[in-house]
Structures are given as structure tokens and as C-alpha cells.
Amino acid sequence: MKIVRIVNNDMDKDKFFKGINKIRNIAMTSAEKRVMKERILATPIKSPWSIYSFNIWLQHNRWAYGTLAAVIILVGGGGIVSASQGSLPGDALYAVKTNIVEPTQELLAATPIAKAELQSSFATERLQEAEQLASQGNLDTSKEKQINDLLDGHTKAFNVAVAKVDQSDSSEVLNNKFKVNMRAHARLLETIGTQDKNEKQKDEIVKVAENARTLGSTGDAPGVTVMAATIAPVAAKVSAVAPNISVAPAIESADKYVKNSSKDNKKKKLIRNLIDQTRADVMSIGTDTTPLAKSVIDSTQQTLDQAEQSLKDANWQDDQGDAEGAKNLLKQSEQSAAEADVLLHAGLRLEKGGRGHSKDN
Amino acid sequence: MNLKSAQNQFEKIYDTESDAIFRFCLMRVSNREQALDITQETFTRLWQTISDGKEITNNRAFIFTIAHRLIIDWYRKKKAVSLEGMENEETGEPYEPTDEHAKENAEMGAEGRFVLDSIKKLSSVYRQAVYLRFVEGLSPPEIGKILEISTNAASVRVNRGIEELRKITGYAINEDSADSKQ
């Protein structure tokens, strides 16, 4: 009986793999393949030289920054510095912000943690700028390049600072918060891109989103404290711009989250609560929204679905007796829940800004 | 990197992987022309990345990831213009005019069609993980990277997908055999 079953099993497998091999027969014709390759290789490639070479040189020369900062502050006073804060790529004061003010802030930051936090916030700000430009229809190739170059620079500086952080817990929190923010903003940009009817700008949006997603997708899922670290400040900011969303429970959940993190069942419950809370936030927005807000809501729902799926998978993994695997999936679930939260609130803020309100970072 | 060596690197990847990407796209968009377009766009981005001097650590995961995102984007766009809502974004089944598949059906034969149809019947969460594991022979870390989930989550999806696939096909398939018959 057993032998018959083994033979049947082998026959089944053979049939299955025969089918799989047949699927692998699907291919392009040789003509399609050749023409496609020729077309791709005919696309223009980027020049290694750009008008941003000076910026890059400045980024590598701390003395130049210092001198320029001193000159600007002496000549122009603090007015220019504060006026530059709301500037976007293409504005006259944008170079002051990114080449002088921010590097000076970084120089003045005393600890590696403070430096890493600053670089992380600069990187997030670059993406918010891209979002703002995109929603205004002003994101062109040169601005995309400028933002992506700066984003790469912030990430490098962030990694250097994090490498100098002694406490591994702190560096994990910093890393995870950075990645959650990158991924959430990548998703927001993608969402803006899908709404965009201008194909040219859409390409630029995709380039920034892809870069952000790449920067946010390497390494592990967030650790225990990232949820609290990410959600509480975001929730607090949102109350200012979206009063119809109740944020108190989110802050409360985030606090509870840290206290109870050692127990997996409680952790599952709290992730569940956070997912429900974000879903409740979505429901409280109402139906009278713009197409962009609708897309943000759709994307948030999808990310929440992923969080729920990982939570379900974690339970399944628990049932299989794989505690370590379940733990990793819980982290994945946390990451998606945090991403959904940042995405929803950043999207709503952008939407408010797009109606002529002041920029909110 | 000079242009010549960038081109050599690109051509090497293109020659080995273009059919797999085309297949992956065709399976999900169910339209040959569209699958060709997405394949071309995927490799255009690969070419730009290589010619830009950027380093890619895992070519397969990189191009599958790009293709995966372009397909999602395609569904979103399609959803936005669709009047009848015939497909549901990424998770749902696209509408599938059968005559467009005449060529692929001939290439696959009945056995291939049966297995592919069975994979397509899987829940959307498991479908791509199972396809990438068995048809393209990708590892769970690569699948995780492409679908933007952890390696662990990718393994779970493959295993749970196999459970479903066993019920649909009646075949005794297991995960261990995914690599053995590549």
C-alpha cells in the first residue's frame, strides 16, 4: 500500500513538473527579443556631469559649508535662513536650505543619534518636497535628479551616523523609522503618480519613488519600538491638520505597545488595535474626498491588508510550532501597520497643503 | 564602468532573463502586447541603472521587482480608466479574452495549461509566491525582496500556496522539489 502511494506521489510530481517545464516554453519570438534589445540600447544615457557637481563638491567639503554659512548669515541675516525653510527645488532659496542651513544644523548636532535623526528628517523632507512638486505638476527631470542625489547623500550620511551609535537598540529604532518613512513616502509618491495624467512627470515621480523604496527596503523589518516612535509624533502632527481624525487612541496604543512588547499575544492584540485604529481613521474621513485622497485611502487599505495577512501568517506559523518565524512575521505586520499610518497621514497633509495651506513638515 | 562593459553586462542579463520576465508579465496581465511593453520598460530601467554605474547585487531579484511594480502600476492605471471594473487591482483576476492566448496555449500544451490554470486559481496572496518559486525557481529571500515582504513571510506564502495547490491539482507536491527539477 505504502509502495503504491510512493509510486503515485512520484507520478504526480512528474506530471506537475512536466507542466511547469511546459510553462517555461512561453517565450518571446527571436524577432521580438532582438527588436526590443535594440530599442532599449538606443535609449539615451545620462551624462556623468551635471550642474549639481558644485553641490556634490560642497557636500564633501565641510570647510566650504562653514565659510558659506558664515557669509550668508553675516550678509543676509536670519531672514534668508528662515525664508529658505519652505523652499522647494527650483526656488532661489532652495540651495541655501540644502547646501548651507541643513549641513550647518548637522555640524552643530552633538551626538551620532542627533545627526542620524537629522539626516533621516532631511531625507523625509526631500520626499515631501517631491510630493508637493508632483501634486503641483512641477516635478521635472532636473528636480527629480536633484532630489534623488540629495536623498542618496542623506542616506549615506544617515548610515555613517548610525554606524557610530553605540547602543544597538537605538540604531535599530533609527534604522527602522528611516525605512518605514522611506517606504511610506514611496507609496504615497506612487499613489500620486497613478493619478497623474502627465506621462512625463509620472516618469519622474516613479524615479523618486523607486529610489525611496530601494533605500527603505533593505535590511530587517522594524523592531519593537519603531511603531511607537513612528506613530506618536505623526499622530500628534495630524491632529493639527486633520481634526476630524481621532489620534488619542493611536498615541495610547503606541504607549501600550512599548510596555507590553515582551508578550507575543499582547503584541498581536496591539498590532490588531493599531490596524483597527488606522482603519477607523480611514472610515472617519468620509466619502466626499478628492481623487488623490481616495487613492491614498486605497493604498492605505492595501498596506493594512498586508499587515493583517502577516498577522494571520504569524498565527499559522505559531500553529506549526515555529516561534522564531512567527516573531519575524509579527515584525513584518508591525512594519506594514506603521507604513499604512505614515502613508495615510502624510497623504492627508499633502492634500491639505495642495489646497493652498502652508507646507507642513 | 565604460559604456562597452555596461552594454556587455546588460546583454548578458537580457539574454538569460528576458523570457522569464516576459512570462511573468504575461501571466499577470494576460495580454501579449502589454506584457511585451512591460518587459521592455523593465529592461530599459535595468539599462539605465547599469549605464548610470550603479551596482546591482542580485540581478534577478532586481528585474523581477521592477516588473512586479510596473504590473501593479499598470493595474492601477487600468482600474482608473476602467468603466466596468472588470479587474481588481493586483489581487484580482484580470479579464482574459481566450483568443489572445492561442499562441501560449499551443506552446504550453495541456499539461502546462493545467498547472498554470491551477496556479491562477490560488488565492492572490499565494499565487505569485508559488509561481516565482516553481516556475522561475527563485529562492524565498528573492521572492521576499520582489514582493516586498520578509523571507519568512515569503516561505510561509509558498508553503501555504502549496497546500492549496495540492487540493486544486490533487498532486502530491512539496516545497523541497522546487529546486530539484530546475
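These are my notebook entries on the contacts and side-chain pairs I looked up in a predicted model.

The model is predicted, and I kept to its rules: local features need pLDDT of at least 70, side-chain atom pairs count only at pLDDT 80 or more, and totals for chains, interfaces and linings use all residues. Residues are numbered from 1 along each chain as its sequence is written, chains are lettered from A and ligands numbered from 1 in the order in which they are written, and side-chain values use heavy atoms, with hydrogens and water left out.

**Entry 1: the interface of chains A and B**

I began with contacts, meaning heavy atoms within 4.5 Å. On this count 60 residues of chain B touch 51 residues of chain A.

I then looked up the buried area, which is the accessible area (1.4 Å probe) that two parts lose on being put together, summed over both. For chain B and chain A the figure is about 5,500 Å², with 56% of it on carbon and sulfur atoms.

Next came polar contacts (a pair of N or O atoms within 3.5 Å; within protein, one must be able to donate a hydrogen and the other to accept it, and residues adjacent in sequence count only if both atoms are side-chain atoms). I noted 15 residue pairs in polar contact between chain B and chain A, both residues at pLDDT 80 or more.

I asked which elements of chain B give two or more residues to the side that touches chain A. They are helix 1 (3-29), helix 2 (32-51), helix 3 (59-81), helix 4 (102-121), helix 5 (124-134), helix 7 (151-169) and helix 8 (177-180) of chain B. Helices here are DSSP runs (H or I, at least four residues), numbered from the N terminus. Helix 1 of chain B gives the largest share of that side, 11 residues. By residue class, the side of chain B that touches chain A has 24 nonpolar, 14 polar and 22 charged residues. The classes are: Ala, Val, Leu, Ile, Met, Phe, Trp, Tyr, Cys and Pro nonpolar; Asp, Glu, Lys and Arg charged; the others, Gly among them, polar.

**Entry 2: salt bridges**

For a salt bridge I used a side-chain nitrogen of Lys or Arg within 4 Å of a carboxyl oxygen of Asp or Glu. The count over all chains is 29, and between chain B and chain A it is seven. I looked up Glu210(A) and Arg45(B), whose side chains meet in a salt bridge at 2.7 Å, N to O.

Within chain A I took Glu38(A) and Arg34(A), which form a salt bridge with the closest N and O atoms 3.9 Å apart. Both lie in helix 2 (residues 30-41) of chain A, four residues apart, about one turn of the helix. I use buried for under 20% relative accessible area, exposed for over 50% and partly exposed in between (1.4 Å probe, protein chains only). Glu38(A) is partly exposed at 48%, and Arg34(A) is partly exposed at 48%.

Glu129(A) and Arg126(A) form a salt bridge at 2.9 Å between the closest N and O atoms. They are three residues apart in helix 7 (residues 112-136) of chain A, about one helical turn. Both Glu129(A) and Arg126(A) are buried.

I also found Arg213(A) and Glu190(A) in a salt bridge (2.9 Å, N to O). Arg213(A) is in helix 10 (residues 199-217) of chain A and Glu190(A) in helix 9 (residues 168-195) of chain A, so the pair ties together parts 23 residues apart in sequence. Both Arg213(A) and Glu190(A) are buried. Salt bridges with shared partners join Lys97(A), Glu102(A), Glu125(A), Arg126(A) and Glu129(A) into one network.

**Entry 3: aromatic pairs**

Rings of Phe, Tyr and Trp (its six-membered ring) pair if their centres lie within 6.5 Å; planes under 30 degrees apart count as stacked, over 60 as edge-to-face and the rest as tilted. I noted 13 aromatic pairs over all chains. Phe24(B) and Phe64(B) have ring centres 5.2 Å apart and planes at 70°, so the pair is edge-to-face. The pair links helix 1 of chain B, where Phe24(B) lies, to helix 3 of chain B, where Phe64(B) lies, 40 residues apart. Phe24(B) is buried at 1% relative accessible area, and Phe64(B) is buried at 0%.

A cluster linked by ring pairs holds Phe16(A), Phe17(A), Phe114(B), Phe134(B) and Tyr171(B).

**Entry 4: Gln119(A)**

I found Gln119(A) in helix 7 of chain A, and Gln119(A) is buried at 7% relative accessibility. Its side chain makes a polar contact of 2.9 Å with that of His154(A). Leaving aside neighbours within four places in sequence, Gln119(A) is in contact with Glu106(A), His154(A), Ala157(A) and Phe158(A).
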